[in-house]
Amino acid sequence: MAKNKNDIGNGILSALAIIGGALLSVEILKSLSKKETVYDCPVCKYDVKYGTLECPNCHSKLSWPTKEAYNG
């Protein structure tokens, strides 16, 4: 009888581990897909998002190519 309880307990733990791993994988994939491309400020190397007009760190004015110039 004790062996059956251990088998059931191990089966439940295995199922929970698989479900937990799947949920963790989903959250990791979500976080990776939300990452935005960041660029370095040419003056201070601070991370800035595309289109930012002024560096939040050193306040240098930033200029970006238009999407047509960038893609074409």
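These legends accompany several close-up views of one predicted protein model.

**View 1. The whole chain, from one end to the other.**
The protein has two helices and two strands, and from the N terminus on they follow the order α-β-β-α. Helix H1 covers residues 2-34, strand S1 covers 38-40, strand S2 covers residues 47-49, and helix H2 covers residues 67-71. Of the 72 residues in the protein, 7% are buried. The accessible surface comes to about 6300 Å², and carbon and sulfur atoms account for 61% of that surface. Among contacts with a separation of 6 or more, residues 24 or more positions apart make up 4%.

**View 2. How confident is the prediction, and where?**
The mean pLDDT of the protein is 84, and 85% of the residues reach 70 or more. Where is confidence lowest, and where is it highest? The lowest mean, 61, belongs to helix H2, while strand S2 has the highest, at 92.

**View 3. A nonpolar patch that includes Leu-13.**
Here you can look for six names on the surface: Ile-8, Ile-12, Leu-13, Leu-16, Ile-19 and Leu-23 form a nonpolar patch. Take Leu-13 as an example. Leu-13 lies in helix H1.

**View 4. From helix H1 towards strand S1.**
Follow the chain to Glu-36, which sits in the loop between H1 and S1. Glu-36 has a relative accessibility of 51%, so it counts as exposed, the cut-off being over 50%. Now find Tyr-50, 14 residues away from Glu-36 along the chain. The C-alpha atoms of Glu-36 and Tyr-50 are separated by 8.9 Å.

**View 5. Cysteines without a disulfide.**
How many disulfides does a search of the whole structure find? The search finds zero. Look at Cys-41 to see why: the closest cysteine sulfur, in Cys-58, is 3.7 Å from the sulfur of Cys-41, which is too far for a bond. For comparison, a disulfide needs the two sulfur atoms within 2.5 Å. Cys-41 is buried, with a relative accessible area of 0%. Cys-44 is in no disulfide either, and the nearest cysteine sulfur, that of Cys-55, is 3.6 Å away. Cys-44 counts as partly exposed, at 26% relative accessibility.

**View 6. Two residues with positive phi.**
Lys-45 has a phi near 70°, a positive value in a residue other than glycine. Lys-45 is found in the loop between strands S1 and S2, and Lys-45 is exposed, with a relative accessible area of 54%. His-59 also has a positive phi, of about 65°, although it is not a glycine. You can find His-59 in the loop between S2 and H2.

**View 7. Asn-57 and its contacts.**
Stay in the loop between S2 and H2, where Asn-57 has its place. Which residues does Asn-57 contact, leaving aside neighbours within four places in sequence? They are Cys-44 and Tyr-46. Tyr-46 is eleven residues from Asn-57 along the chain, and their C-alpha atoms are separated by 6.6 Å. Asn-57 is partly exposed, with a relative accessible area of 44%.

At 17% relative accessibility, Ser-60 counts as buried, because the cut-off is under 20%. Not counting residues up to four places away in sequence, Ser-60 touches Val-43, Leu-53, Glu-54 and Cys-55. One of these, Glu-54, has another partner to look for: the side chains of Glu-54 and Lys-61 meet in a salt bridge, at 2.8 Å from N to O. The count of salt bridges comes to one. Glu-54 is partly exposed, with a relative accessible area of 33%, whereas Lys-61 counts as exposed at 67%.

Technical notes: Residues are numbered from 1 along each chain as its sequence is written. This is a predicted model: local features need pLDDT of at least 70, side-chain atom pairs count only at pLDDT 80 or more; totals for chains, interfaces and linings use all residues. Side-chain values use heavy atoms; hydrogens and water are left out. pLDDT is the predictor's confidence in each residue, from 0 to 100. Helices (H or I, at least four residues) and strands (E, at least two) are DSSP runs, numbered from the N terminus. Buried means under 20% relative accessible area, exposed over 50%, partly exposed in between (1.4 Å probe, protein chains only). Contact means heavy atoms within 4.5 Å. Accessible areas come from the Shrake-Rupley method with a 1.4 Å probe; for residues, only the protein chains shown count as cover. A salt bridge is a side-chain nitrogen of Lys or Arg within 4 Å of a carboxyl oxygen of Asp or Glu. Patches are made of residues with over 30% relative accessible area and no salt bridge: like charges are joined within 9 Å, nonpolar side chains (Val, Leu, Ile, Met, Phe, Trp, Tyr) within 5 Å.
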